[in-house]
Amino acid sequence: MDFQIWDLPGQIDYLSGNFDVESIFTGVGGIIWVIDAQDLYMEAIGRLTDNVLQLTEFYPDIKYSVFIHKTDSLTEDYREDTIRDIMQRVSDELYDAGLENPPVNFYPTSIYDHTIFEAFSKVIQGLVPQLPTYEALLSTVAASCRFQKVYIFDVMSKVYIASDTTPSDLATYELCSDFINAIMDLSDMYGYDRKQDREPTERAKDISAQTAESMVCCVRGYTLYLREINAFLAFIGVSKESKFQQEKAMVDYNIQKFQDTILE
């Protein structure tokens, strides 16, 4: 799937007669509304609910995500109260306007940790029609290989487009994201484009046909396993099994079958 992200100022009324609403919102799968948790957010909530109510009438398939941003600098008690207040006010206004069970999700975010990537991951997952199939496959892989958690990552953005059905853990996600960063840095320093070889040897051809993989042990008690799916996606599994290295051959076989299934 190809995704495009448009960054639009929230204070502009795009539903007025000054804009071509159809050209802007036709084909839109999701809208992210960013609310500054440190600012006076009542006006932002009013604009959000007005847009949801108007767009739902003509574009009912659009899904809405509210990023409650800059929550990191608030005290723990005040942070929880602010998040709860924003969620309650948005839900109450939409309910009072007659919109029951609105397609709105809320995510506390910050640029100083991985919550922004976690939130974007959830937004992207909501737009992937094959998500239930991917989750079922990943759950099967996790059980057969005894992984605690498995992901399919977009390696460039560090957004994961699917995971198994166990609850997400931000600390585990951070490990996987940092692992990808390390692999990308090493690739930039030591990798090269084999397609530029004018007369590649048979050995070079064999290496080029292989998918990249990496494994690192004893990272906060975890073993991290990465396997390239294609040029953009990678499988990452997180394991606490002490005998993971001895069972790696079985893991490689299962992940290869998973990769073949995904690429089909």
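This report walks through a predicted model, looking at some helices, a pocket and a few single residues.

## Before we start

Residues are counted from 1 along each chain in the order its sequence is written. Since this is a predicted model, local features need pLDDT of at least 70 and side-chain atom pairs count only at pLDDT 80 or more, while totals for chains, interfaces and linings use all residues; side-chain values use heavy atoms, with hydrogens and water left out.

Helices (H or I, at least four residues) and strands (E, at least two) are DSSP runs, numbered from the N terminus. "Buried" means under 20% relative accessible area, "exposed" over 50%, and "partly exposed" in between (1.4 Å probe, protein chains only).

## Helix α5

Let's begin with α5, which takes in residues 131-145.

Which residues of α5 are buried? They are Leu131, Tyr134, Leu138, Val141, Ala142 and Cys145. These cover an arc of only 100 degrees around the axis, which puts them on the same side of α5; the arc is taken from the directions from the helix axis to the C-beta atoms. Over on the other side, Pro132, Thr140 and Ala143 are exposed. The cover over the buried residues includes α4 (115-125), β4 (149-154), β5 (159-163), β8 (233-239) and α8 (248-263).

## Helix α8

With 16 residues, α8 reaches 22 Å from its first C-alpha to its last, close to the 22 Å expected at 1.5 Å a residue. Its buried residues are Lys248, Val251, Ile255, Phe258, Gln259 and Ile262.

As for partners, the buried residues of α8 pack against α5, β4, β6 (213-219), β7 (222-228) and β8, with contact meaning heavy atoms within 4.5 Å.

Helix α4 is largely enclosed by the rest of the structure, because eight of its eleven residues are buried. Those are Thr115, Ile116, Glu118, Ala119, Ser121, Val123, Ile124 and Gln125.

Leu170 sits in helix α6, residues 170-190, and counts as partly exposed at 29% relative accessibility. Although Leu170 and Thr115 are 55 residues apart along the chain, their C-alpha atoms are separated by 7.5 Å. Setting aside neighbours within four places in sequence, Leu170 is in contact with His114, Thr115 and Glu118.

## Tyr225 in strand β7

Tyr225 belongs to strand β7. Is Tyr225 buried or exposed? Tyr225 is buried, with a relative accessible area of 0%. Leaving out neighbours within four places in sequence, its contacts include Phe147, Phe179 and Phe235. They also include Lys248, Val251 and Ile255, which are among the buried residues of α8.

Most residues other than glycine have a negative phi. Here are some that go the other way. Just after α5, Arg146 takes a positive phi of about 60 degrees. Lys70, not a glycine, has a positive phi of about 65 degrees and lies in the loop between β2 (63-69) and α3 (76-96).

Lys158 isn't a glycine either, and its phi is positive at about 65 degrees; you'll find it in the loop between β4 and β5. Lys70 is partly exposed, with a relative accessible area of 37%, whereas Lys158 is buried, at 12%.

## The largest pocket

On a 1 Å grid over the protein atoms alone, a pocket is an open set of points where a 1.4 Å probe fits, with protein on both sides within 12 Å along at least five of seven lines; lining residues have an atom within 4 Å of a point. The largest pocket has a volume of about 1,400 Å³, meaning the space filled by probe spheres set on the points, which are joined across faces, edges and corners. Of its 45 lining residues, the closest to the centre are Trp6, Leu8, Gly30, Ile31 and Ile32.

Strand β1 gives the most to this lining, with seven residues. By class, the lining has 28 nonpolar, ten polar and seven charged residues. Ala, Val, Leu, Ile, Met, Phe, Trp, Tyr, Cys and Pro count as nonpolar, Asp, Glu, Lys and Arg as charged, and the others, Gly among them, as polar.

Definitions and conventions: The expected span of a helix is 1.5 Å times one less than its number of residues.
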